[in-house]
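Reader: I would like to learn how to read the features of a model such as this one, step by step. Please show it to me first, and then let us go through it together.

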Amino acid sequence: MNKLLNKPFKVFSLYALIILACSIPVYYLVISNLWIEELDEYNLIIKERIKNRFDKIQIEETELNKTLALWKILQPGTSIIPSNISTVKADSVYTITKQNEYAEGNEMDRFRGLSSYIVINDTPYHFIIETNVEDAEGIISSIAFVTLLFFILLIVGFVFLNKIIAGKIWSPFKDTLAKLKLFDLNSHPSILFEKTDILEFEELNNALTKLIHGNIAVYKQQKNFTENASHELQTPIAVLKSKVDMLLQNESISHKQLEIINSINIHLSRVSRINKNLLLLSKIENHHFTESETLDLNELLNENIELLSDYFKEKGIIIEKKINEKHLIVCNKTLLEIMLNNLLINAIRHNILNGKIIITLNNNTLSISNSGITTLNKETIFKRFAVSSSETTGSGLGLAIVKEIGSRYQWQITYSFQNNLHIFSIIF
Amino acid sequence: MKILIIEDEKELANDIATYLSDEDYLCESVSTFNEALDKIELYSYDCILLDLMLPGGDGLQILETLKQQHKQDGVIIISAKNAIEDKIRGLQIGADDYLAKPFHHSELAARIHSVIRRKQFDNANVIEQNELKVDLLSKTVKVNCTLVELTKTEFGLLLLFLGNKNRVISKSALAEHLSGDIADMFDNHDFVYAHVKNLKKKLTFAGYNNYLKTVYGTGYKWEI
């Protein structure tokens with residue numbers, strides 16, 4: 001993935017390269033043409049001057065031939081030779097490449113020539129002047145060199161300007177991006193974007209603010225919904241339980257009716273339990289239970305085990321607690337108790353008859369293991385209602401609550417199944 | 001004993017009143033804040049059951065009014081709110097106990113019994129019922145001067161029964177009394193049978209008048 005400003009940069013660089021590359025031959029042609037025009041003018045001027053001078057002075061034949069012979073020696077670029085054509089032809093210009101006697105080396109140079117006919121003493125003479133043109137390679141290489149220089153200047157300028165622009169123009173965008181990255185629906189109240197004078201970013205910020213506000217409102221509503229709903233249910237459940245209790249006081253109930261009442265009681269307890277757990281779960285998620293104190297894990301475990309002693313005995317479960325010393329943790333007492341409670345209750349509920357429970361504490365990791373038959377599904381056990389109600393008497397929320405408490409304090413909760421043991425571990 | 005039930009859920013109030021009413025308890029109930037204020041200003045009660053969520057005001061204000069007027073009525077807060085903060089605040093202001101809804105009537109009765117005992121008999125440590133003498137400090141029971149040694153569980157059960165005379169207490173109510181919220185988590189409360197059986201055996205051996213009766217399929221009753 002590329003940075004945004006690199007894209008136009010690449011395109012511009014390529015464009016600059018093409019244009020500048022095209023400019024080299026163009027410059028060459030332009031300069032070359034100009035130069036040749038200049039030379040033609042120069043040649044013409046020379047010819048006109050010579051013609052005029054010859055016209056002005058009166059020179060006789062032998063003198064003229066001597067002069068012309070001398071001229072040939074002195075001015076090798078020009079030659080005036082008697083013409084063997086009787087009529088005067090028009091001027092013509094041409095280019096010729098021949099060896100330059102006066103240049104170093106044996107290079108062939110370009111010459112621009114003017115072929116003309118002048119009349120001296122009524123005799124037509126063929127006048128040729130050839131002037132050295134600066135060689136093409138020289139021009140091209142100079143142009144290319146300067147162009148390259150300019151290209152490099154352009155590129156360097158682009159890079160430099162790019163960096164400066166990136167810094168300035170993108171800073172509101174980067175600010176927005178940073179704030180978005182930090183945003184957490186659960187904990188952040190809202191985002192305040194800085195005002196910017198760039199239209200598109202201002203629009204972006206406004207749209208984002210609206211979106212976030214909408215999201216937060218919905219989220220709060222949803223969070224509160226579970227808490228409110230289960231709270232509402234408490235009272236009708238209390239009334240139902242009360243009525244069932246009243247029924248039990250009635251002495252003239254038949255046995256069949258008693259059975260029905262007991263059945264009602266069981267399921268009612270279940271409803272009540274699920275509701276209480278839902279309420280608890282949503283309270284934990286909504287950040288209640290904020291006080292913390294220093295607690296001894298070992299002591300809490302002991303209290304819990306004693307509280308559950310009747311249930312252990314009932315299933316014939318043996319507890320092996322391999323922790324003897326204090327282990328201090330700072331957190332909310334209620335939450336820690338609930339967590340340990342839920343794990344132990346699960347260890348009883350999903351245990352086999354006469355099974356065992358092993359509790360160990362190593363390096364800040366508490367493990368509660370219980371005998372079992374087949375492994376549970378790691379992915380789903382910590383989710384709410386992962387187990388269907390027909391399979392268990394539990395509320396389906398016990399482990400979800402454990403997980404929620406764990407994530408509140410950033411303790412890692414893991415599950416594994418080894419040697420016919422379900423092992424739940426908490427890494428503090 | 002006079003009990004005032006301040007509860008806006010009328011059905012619940014009626015049920016509690018019905019459960020508690022017998023020769024020992026006399027119940028009145030009101031369902032709004034203002035009615036409650038009126039009652040407590042005019043009369044005194046042995047125990048007040050106070051619901052915090054009342055139409056017209058906050059239940060805690062009634063508690064504060066009681067304290068301001070230096071009234072000695074016992075107060076048990078019954079609330080669906082179940083929030084730690086409310087519980088702490090309530091107890092700090094001066095409530096005697098806090099019971100979260102939903103609860104078993106037997107549990108409520110036991111708590112009322114306990115509060116009244118503390119208030120009425122200045123924290124007397126002995127409950128007497130015919131030949132039974134229960135010492136709350138040493139957690140021992142004497143039947144006609146014969147000492148009966150009970151386990152903590154058996155003792156707790158006995159207190160529950162004494163606070164709920166002539167009432168049928170279901171197995172789950174007994175389990176809940178013994179292990180609190182956890183009892184809710186399990187359906188099998190057979191261990192309750194074991195404890196009650198042991199209690200019965202010990203009391204019978206000491207010669208008590210067989211008040212503890214089994215109610216088939218449901219639970220037990222302390223019949224006097």
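Reader: Where is the place of His70(B)?

Author: The place of His70(B) is the loop between helix 3 (59-68) and strand 6 of chain B, where helices (H or I, at least four residues) and strands (E, at least two) are DSSP runs, numbered from the N terminus. Phi of His70(B) is near 55 degrees, a positive value in a residue other than glycine. Before we go on, note that this is a predicted model, in which local features need pLDDT of at least 70 and side-chain atom pairs count only at pLDDT 80 or more, while totals for chains, interfaces and linings use all residues. Residues are numbered from 1 along each chain as its sequence is written, chains are lettered from A and ligands numbered from 1 in the order in which they are written, and side-chain values use heavy atoms, with hydrogens and water left out.

Reader: Which peptide bond is cis, and where is its proline found?

Author: The bond from Lys101(B) to Pro102(B) is cis, with omega near -5 degrees, and Pro102(B) is found in the loop between strand 7 and helix 5 (105-120) of chain B.

Reader: How should I read a sheet, and what is the strand order in chain B?

Author: Strands of a sheet pair through backbone hydrogen bonds, either parallel or antiparallel. Two strands are taken as paired if DSSP finds at least two bridges between them. In chain B, five strands form an open sheet in the order 2-1-3-6-7, with parallel pairing. Strand 2 (26-30) and strand 7 (97-100) of chain B stand at the edges, each with a single partner strand, so one side of each has no neighbour in the sheet. The twist of this sheet averages 20 degrees from one strand to the next. Strand 6 (residues 74-79) of chain B runs parallel to strand 7 of chain B and is joined to it by four bridges; Ile78(B) has Leu99(B) as its bridge partner in strand 7 of chain B.

Reader: What is the strand order of the sheet in chain A, and which sense does the pairing have?

Author: The open sheet of chain A has four strands in the order 1-4-3-2, with antiparallel pairing. Its edge strands are strand 1 (78-82) and strand 2 (92-99) of chain A, each pairing on one side only. Strand 3 (residues 108-120) and strand 4 (residues 123-133) of chain A pair in the antiparallel sense over 11 bridges, and the bridge partner of Arg110(A) in strand 4 of chain A is Val133(A).

Reader: How is the size of an interface expressed, and how many residues of chain A are in contact with chain B?

Author: The size of an interface is often given as the accessible area lost when the parts come together. Here buried area is the accessible area (1.4 Å probe) that two parts lose on being put together, summed over both. Between chain A and chain B about 3,600 Å² is buried, of which carbon and sulfur atoms give 53%. In this interface 37 residues of chain A are in contact (heavy atoms within 4.5 Å) with 40 residues of chain B.

Reader: How many salt bridges does the rule find across the interface of chain A and chain B?

Author: A salt bridge is a side-chain nitrogen of Lys or Arg within 4 Å of a carboxyl oxygen of Asp or Glu. The rule finds three salt bridges across the interface of chain A and chain B. The side chains of Glu11(B) and Lys243(A) also meet in a salt bridge, at 2.6 Å from N to O.

Key: Axes fitted to C-alpha atoms, helices over the stretch in contact; angles between N-to-C directions.
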